[in-house]
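Dear colleague,

I am passing on the structure below, and I would be glad if you could look through it alongside the notes that follow.

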Amino acid sequence: TSSRLQFNPPTLNFGNLTPPYHTFSICNMDISSEAQVETDSDRLQVLLDKYLHDPDDGGPAADALLEAATMFEQEEMRFRQKNADAFSSDRKHFPIWEMLATLVRNEHFLGHVFSAFMQRRDAVLQAAAGRFLVSAGPGLSVLPTLQQSLFMELLTQDTMEEKLFEMINSGSLPMVAWAEGLLAYALLDDHCADELVRRGLVPNFLRRLRGIVFEDASICEAPGAKSVPAQESGYELSGKALLQREKSFLVQCLGTLMSYKESLGLALQEGALDVVLTLVGAGAEDAVLCHETLRMLASLLSHRKFSLVFIESGGLRCLLGLRHLPYCGSSVGLCLLSLAHFTGVMHKICRTADPSPKELTAFALRILDYSDEVASCNALQFFSKVLAYEQAFLGPFDELHGLRSLMHVARRCIDAAAGEAR
């Protein structure tokens, strides 16, 4: 039986599906550009109508799905540039919220798209369906409506999981990328994650990620990668662009899978640490990918042995040199909290000269001061554990006026509570 360690990514609780599926409530929207939202929603509705007119007509139906997918990708990226959390409900303050509401109003649409993804007769339509589901997946998975349950119900049914596992085993683009992208959401369901680990698919994810990161010819020049366009064409993605997306999907999946005890040996064997340090190192340009990689690292650090290897490899210095702060504040704070749970690991950190405990304390205080509530919470929990080490951490904490920072956080919490009460 597969067993997870602590620091699992949050599992959403999806209730039973009960008809009618069209019941929904999206209100209190605060969107700055109403004209743009109306334009996007109308345009999306036209595309949905075009697809639903004849969902089996491969050419027009695929074109409609690809254009709609591109719209969701653009708006989702605008949201993620402001909010690191892929599962945040704050989309209601962004234009993508009204686009999601348009999907909700078209109650039969998702069922048709999932059917297109499951069929084999039209590869172009199947790939377009996969891309659309992945692009709309982040928003659909957090909608406060029955459409959320419908999306997860369709995604985690046994036949769908079998299809995803089959595509992943094939290793052929573009379907392997879209299957991994959908699994990033399906793995929120414990049964799916347990089954993937039981079937021994974790090494496939680790090897494929390593191959993409270090540009292994067996992956980057494989027939599947060469069969897609070499350059962007209309709404089609090039082979290189697909591999970049697949890299992000793999990292998201491994953020869940690395918390399993069975994954520790595989991670060490497949060089997961080298991959992580490369993705978050000084040359990392993609803030969203850096954040997701740090979440993967936090899962790995929930294993004591990996934490020790991480420290010995100079991983702490890499964390302190992150470029994308405060954007990655919550995920790097989670990494620090993971390390703080192990007494043996903390003793090793206390003896580490580079970075010194004082530098680590100053870094954690920076995270504490960020306006990001999750980042502050992770930093608070980190200090609740490390201040027990008086000489190494309590002294520097006092010297750096840590108590003043704690009072600032307390004041923010009081002010926020007062604002909600009003």
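Contact, as used throughout this note, means heavy atoms within 4.5 Å, and helices (H or I, at least four residues) are DSSP runs numbered from the N terminus. Please bear in mind that this is a predicted model, in which local features need pLDDT of at least 70 and side-chain atom pairs count only at pLDDT 80 or more, whereas totals for chains, interfaces and linings use all residues. Residues are numbered from 1 along each chain as its sequence is written, and side-chain values use heavy atoms, with hydrogens and water left out.

I begin with helix H5 (residues 123–140), where Gln126, Ala127, Gly130, Arg131, Leu133, Val134, Gly137 and Pro138 meet Met175, Trp178, Gly181, Leu182 and Tyr185 of H8. By class, this contact of H5 with H8 has eight nonpolar, four polar and one charged residues (Ala, Val, Leu, Ile, Met, Phe, Trp, Tyr, Cys and Pro count as nonpolar, Asp, Glu, Lys and Arg as charged, and the others, Gly among them, as polar). The axes of the two helices, which are lines fitted to C-alpha atoms over the stretch in contact, with angles running from 0 to 180 degrees between N-to-C directions, come within 9 Å and cross at roughly 30°. H5 and H8 are therefore roughly parallel to each other, a description that applies to angles under 35 degrees.

The largest nonpolar core has 140 residues, of which Phe117, Phe132, Leu155, Leu183, Leu294 and Leu319 touch the most other members. Such a core is a set of buried Ala, Val, Leu, Ile, Met, Phe, Trp, Tyr and Cys residues joined through side-chain atoms within 4.5 Å, where buried means under 20% relative accessible area with a 1.4 Å probe, protein chains only. Leaving aside neighbours within four places in sequence, Leu183 is in contact with Leu164, Phe165, Ile168, Cys192, Leu196, Phe205 and Cys253.

Further along, helix H21 (residues 357–368) and helix H22 (residues 373–386) pack at an angle of about 145°, with their axes 8 Å apart. Ile367 lies in H21 and, at 1% relative accessibility, counts as buried. Although Ile367 and Gly329 are 38 residues apart in sequence, they are 5.9 Å apart in space, C-alpha to C-alpha.

Finally, Ser41 sits in helix H1 (residues 34–53) and counts as buried at 6% relative accessibility; beyond its neighbours within four places in sequence, Ser41 is in contact with Glu98, Met99 and Thr102.

With best wishes

Methods: Buried < 20%, exposed > 50% of the residue type's maximum accessible area, 1.4 Å probe, protein only. Helix = DSSP H or I, 4+ residues; strand = E, 2+ residues; numbered from the N terminus. Parallel < 35°, antiparallel > 145°, perpendicular 65-115°, else oblique.
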